[in-house]
Amino acid sequence: MSATLATGSDTLMSGVRVADLALPDQMEVTPTGGSLGAIVHGVDLADDLPGEVIGGLLAVLDHAGMMILRGQDRLTPQRQSEVTEWFGRPFFRDTGVDNMAMVGRTPVQILGSQAHDEGDVPAADVDSGGDLVPHSDVQDYQVTPNYTILHAIEVVPGSVGGNTYWANLYQAYDELDDETKALIEGLRWMPASTQATAYGVGMQSAKASVSRDGLSLESPVRHPVVRTHPVTRRKALWVSTAFTVRVEGVGDEADGKRLAKRLKTHANSERFSYHHAWSPHDVVMWDNRCVNHWREGWPADTRRTMHRSQAGSARPF
Ligand SMILES: O=C(O)CCC(=O)C(=O)O
Ligand SMILES: [Fe+2]
């Protein structure tokens, strides 16, 4: 299989070499050697970091698609929310049917199947602990978050589950045949509605809205099948298993669903993916504009807690 876009010893997912980013000496950046991502050493996010280090982190993430910083045990939720703001305005779901649980009053979300034991969080508004299929975040919205940040607080051994996977969607696009590239150029897809998405994952506020208004499946949102990244200007095959219902502009609805299915199957090919087995206080950041992610569930009697934040947003093009 073509490995032209996989990361090499000095090459990031976008094709840019780490050396060409002219990073400050303090930062040590190692591409994972897999299909995307880089590991960053020498940066403690809790420190008062100089601007060139923060700028370096932003540059690495834009070119690596995903970035791992280990051992961030001094990162408080408050500091995570400040770090998140380096990447743009914090992003929150806000339609009223899709509330997510927060860490107390700090604007950082909590993902963890046990969170409802610990306070005033409605049980159904927290993570179910189940498998999540490949997606890019919040594709039920027209304006979607650029970046997601997870800080692992409690983890389960990778052997019992809870591993997270990411996929390189530039590579997925590049490996399409020319005929398919020509077919999908300029096409758009319709995602699952926010109400259906929130209802599907069991959020209380969505249940109330569905019992009042019924379940509306059609969404006004349309996204490009081929998304261009604003920094690297590379093309990504931007479809997801969780959200992409049908492609429009190719025959009837059944044809649109068939094409969506074919593209999703391709985007989910194992060779595009990289997986991470979590340790406590790993921080992983990813770029929703060019990678998909998914994760394995974990046993109900074990605890896994993530602090999650998102920043920056744009209308995909
Ligand atoms: O729990 C995880 O590892 C990832 C969950 C997820 O899809 C997300 O945080 O956007
Ligand atoms: Fe996600």
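Buried residues make up 56% of the 317 residues in this protein. The model is a predicted one. Its fold contains 7 helices and 17 strands. The radius of gyration is 19 Å, close to the 20 Å that the globule rule gives for 317 residues, so the protein is as compact as a globular protein of that length.

**Overall dimensions and contacts**
- Along the principal axes, the C-alpha atoms fill a box of roughly 55 × 50 × 35 Å.
- Among contacts with a separation of 6 or more, 80% join residues 24 or more positions apart.

**Surface and charge**
- The protein exposes about 13,400 Å². Carbon and sulfur atoms supply 51% of that area.
- There are 29 positive and 40 negative side chains. The centres of these two sets lie 6 Å apart.

- Most residues other than glycine have a negative phi.
- Ala22 has a positive phi, near 45 degrees. This residue lies in the segment before strand 1 (28-31). Ala22 is exposed, because its relative accessible area is 65% and the cut-off for exposed is over 50%.
- Arg233 also has a positive phi, near 55 degrees. Its place is the loop between strand 11 (226-228) and strand 12 (235-237). With a relative accessible area of 67%, Arg233 is exposed.

Definitions and conventions
Residues numbered from 1 in each chain as written. Chains lettered and ligands numbered in written order. Predicted model: local features only at pLDDT ≥ 70, side-chain atom pairs only at ≥ 80, totals over all residues. Heavy atoms only, no water. Helix = DSSP H or I, 4+ residues; strand = E, 2+ residues; numbered from the N terminus. Buried < 20%, exposed > 50% of the residue type's maximum accessible area, 1.4 Å probe, protein only. Rg over C-alpha atoms; globule rule 2.2 N^0.38 Å. Contact = heavy atoms within 4.5 Å. Areas by Shrake-Rupley, 256 points an atom, 1.4 Å probe, with all protein chains shown as cover. Lys, Arg positive; Asp, Glu negative; His and termini not counted. Charge placed at Lys NZ, Arg CZ, Asp CG, Glu CD.
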